[in-house]
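The points below concern helix packing and the surroundings of the ligand.

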Amino acid sequence: MAKKRVRVSPVTADRLVKGWTGPGRTHIRLARPGDTEQITGLLALADIPLDPAIDTVIKAGTVASTLLLGLNHGINDMLRPLAEAAAVGKPDDAMLGLVLVLVAEGRGGLLRGVLQAVPPSNVLADGVGGGVPLLNAVLGAAKIAKIRALAVAEDARSIGIGETLIRRSVRIYLQLGYFLVYGQFPIGSGLEKYYARQSFTVLDEGQHIDLSRLGLPIHIRTDPSEPERLFARWR
Ligand SMILES: CC(C)(COP(=O)(O)OP(=O)(O)OC[C@H]1O[C@@H](n2cnc3c(N)ncnc32)[C@H](O)[C@@H]1OP(=O)(O)O)[C@@H](O)C(=O)NCCC(=O)NCCS
């Protein structure tokens, strides 16, 4: 008998803003103005501060603005502001619109988890430094997302909030034509098992991600001063 295909409807901008039902009576949605204090508290569980520029876009209600454009109107519309920013030599301005901050909201507005994904800053810097034309480097950065932080409140763990935040984020980026979602974690944290379970390939210590298949002569490496391992999921 032929296998029944499960049809997954595409994510819309409206859905990302309004959110989905998550585990443990949570609601998974894009971060809103007013969330930043709780997000800062959750990120501290992963020892990561909230970047002031990201704090500002969340407060302004413009977080993920370029990703929302893509979900609403397609990939070409998402890339347009990036190409325009590259044309006027201000690529960094465009990068903030590619930041995704997803939260899991529990009862009474209490945030139970957060995932923050960002464009890889080194792709722009290393690419341009290595002779890649600015436009190509900017468009390349819009094909790669780094899971910068994932944190779940201690009393809300092991019910699938982390997994759901990852799954939703990966789906959004794949729908937007991304080729790679990656991240890194400290050696000794045990997280290799966690990320392998989330369908990522966990790289060995010292192994790096080669972006030549994206036409970029760049390698994503961990900082030797911080013993960490990379995990990656290619399209
Ligand atoms: C890692 C973290 C985000 C997982 O969130 P979560 O919502 O509890 O995760 P899920 O419910 O999807 O998965 C839970 C499973 O992951 C396992 N897990 C969680 N952290 C783990 C770790 N460091 N090493 C190995 N396994 C781990 C749990 O034991 C649990 O396994 P079980 O289902 O067999 O009981 C959460 O533990 C956390 O916030 N930790 C502190 C911050 C951190 O380390 N962040 C990741 C690096 S940035």
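1. Which residues in H4 meet which residues in H5? Thr 66, Leu 67, Leu 69, Gly 70 and His 73 in H4 meet Ile 75, Asp 77, Met 78, Pro 81 and Leu 82 in H5. Contact here requires C-beta atoms, placed from the backbone, within 7 Å. The residues of this contact comprise six nonpolar, three polar and one charged. In this classification Ala, Val, Leu, Ile, Met, Phe, Trp, Tyr, Cys and Pro are nonpolar, Asp, Glu, Lys and Arg are charged, and the others, Gly among them, are polar.

2. The model is a predicted one, in which local features need pLDDT of at least 70, side-chain atom pairs count only at pLDDT 80 or more, and totals for chains, interfaces and linings use all residues. Residues are numbered from 1 along each chain as its sequence is written. Helices (H or I, at least four residues) and strands (E, at least two) are DSSP runs, numbered from the N terminus.

3. The axes of H4 and H5 come within 6 Å and cross at roughly 150°. H4 is therefore roughly antiparallel to H5, a description applied to angles over 145 degrees. Axes are lines fitted to C-alpha atoms, for helices over the stretch in contact, and angles run from 0 to 180 degrees between N-to-C directions.

4. Within H4 (residues 65-73), the buried residues are Thr 66, Leu 67, Leu 68, Leu 69, Gly 70 and Leu 71; buried denotes 20 or more other C-beta atoms, placed from the backbone, within 10 Å of a residue's own. Their cover includes helices H1 (13-18), H5 (75-87), H6 (91-95) and H9 (161-175), together with strand S3 (100-105). Just after H4, Gly 74 adopts a positive phi of about 105°.

5. Val 123, Leu 124, Gly 127 and Val 128 of H7 make the contact with Leu 134, Ala 137, Val 138, Gly 140 and Ala 141 of H8. By class, this contact has seven nonpolar, two polar and no charged residues.

6. Around the ligand there are 19 residues, of which Val 152, Arg 157, Gly 162, Glu 163 and Gly 190 come nearest; the cut-off is a C-beta atom, placed from the backbone, within 6 Å. Strand S5 (144-152), H9 and helix H10 (191-197) each give two or more residues to this shell. The largest share, four residues, comes from S5. The shell divides into eleven nonpolar, five polar and three charged residues.

Methods. A residue is buried if 20 or more other C-beta atoms lie within 10 Å of its own, exposed if 12 or fewer, and partly exposed in between; C-beta atoms are placed from the backbone. Two residues are in contact if their C-beta atoms, placed from the backbone, lie within 7 Å. Angles under 35 degrees count as roughly parallel, over 145 as roughly antiparallel, 65 to 115 as roughly perpendicular and the rest as oblique.
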